[in-house]
Amino acid sequence: GIGLTLPVFQRGQEATAIANARLVRLRAEREALARMIEAEIRGAAASQDALRAAVTEYERTVLPLIEENETLALESYEVGQIGLGDLLLVRREALDARRVLIDQLIETRLAEVELCALAGVWK
């Protein structure tokens, strides 16, 4: 004789339970990943805003002082109050200060690129 068992009491309940548990786990992972991405975007935006504010403040306060200092040094050199070495030193310090501004601008642009990449602007 041939014996045949019919799955009368097994209607795929185990497979359904496993699939439901997997679905719940995947949804939780997706939500956690979305929260992590949102936090990274907020952090990158805050970093970019802070860098932009620093550049604006530097341009507003430091650059006019640098230009004024250079002008005064040039006038002092022309009337003979300071020597060429002192004038060149003032100009070198002014260039260094402008280089700091350029470095800040580069950092600001890099933060903008990072923010765009995190936000999915570029694919």
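Predicted model: local features only at pLDDT ≥ 70, side-chain atom pairs only at ≥ 80, totals over all residues.

Trainee: What span does α2 reach from its first C-alpha to its last, and what is expected?

Mentor: The expected span of a helix is 1.5 Å times one less than its number of residues. Here α2 has 36 residues and reaches 52 Å from its first C-alpha to its last, close to the expected 52 Å. Helices (H or I, at least four residues) and strands (E, at least two) are DSSP runs, numbered from the N terminus. After α2 comes Gly120, whose phi is positive, near 85°.

Trainee: Which residues of α2 are buried, and against what do they pack?

Mentor: Buried means under 20% relative accessible area, exposed over 50%, and partly exposed in between (1.4 Å probe, protein chains only). The buried residues of α2 include Leu87, Val90, Ala94, Leu101, Thr108 and Cys116. The buried residues of this helix pack against α1. Over the protein chain, 15% of the 123 residues count as buried.

Trainee: How many helices and strands does the protein chain have, and why is it described as more spread out than a compact globule?

Mentor: The protein chain has two helices and zero strands. Its radius of gyration is 33 Å, well over the 14 Å that the globule rule gives for 123 residues, so the chain is more spread out than a compact globule. That radius is taken over C-alpha atoms, and the globule rule is 2.2 Å times the number of residues to the power 0.38. Taken along the principal axes, the C-alpha atoms fill a box of roughly 120 × 25 × 20 Å.

Trainee: What share of contacts joins residues at least 24 apart?

Mentor: Contact means heavy atoms within 4.5 Å. Among contacts between residues at least 6 apart in sequence, 71% join residues at least 24 apart.

Trainee: How many salt bridges does a search of the whole structure find?

Mentor: Side chains of opposite charge can pair when their charged atoms come close. A salt bridge is a side-chain nitrogen of Lys or Arg within 4 Å of a carboxyl oxygen of Asp or Glu. The search finds six. One of them joins Glu70 and Arg98 (2.9 Å, N to O). Glu70 lies in helix α1 and Arg98 in helix α2, so this pair ties together parts that are 28 residues apart in sequence. Arg98 is partly exposed, at 25% relative accessible area.

Trainee: Which residues form a nonpolar patch on the surface?

Mentor: Patches are made of residues with over 30% relative accessible area and no salt bridge: like charges are joined within 9 Å, nonpolar side chains (Val, Leu, Ile, Met, Phe, Trp, Tyr) within 5 Å. Accessible areas come from the Shrake-Rupley method with a 1.4 Å probe, and for residues only the protein chains shown count as cover. Leu74, Tyr77, Leu84 and Leu88 form the nonpolar patch, with about 340 Å² of accessible area together. The elements giving two or more residues to this patch are α1 (13–78) and α2 (84–119).

Definitions and conventions. Residues numbered from 1 in each chain as written. Heavy atoms only, no water.
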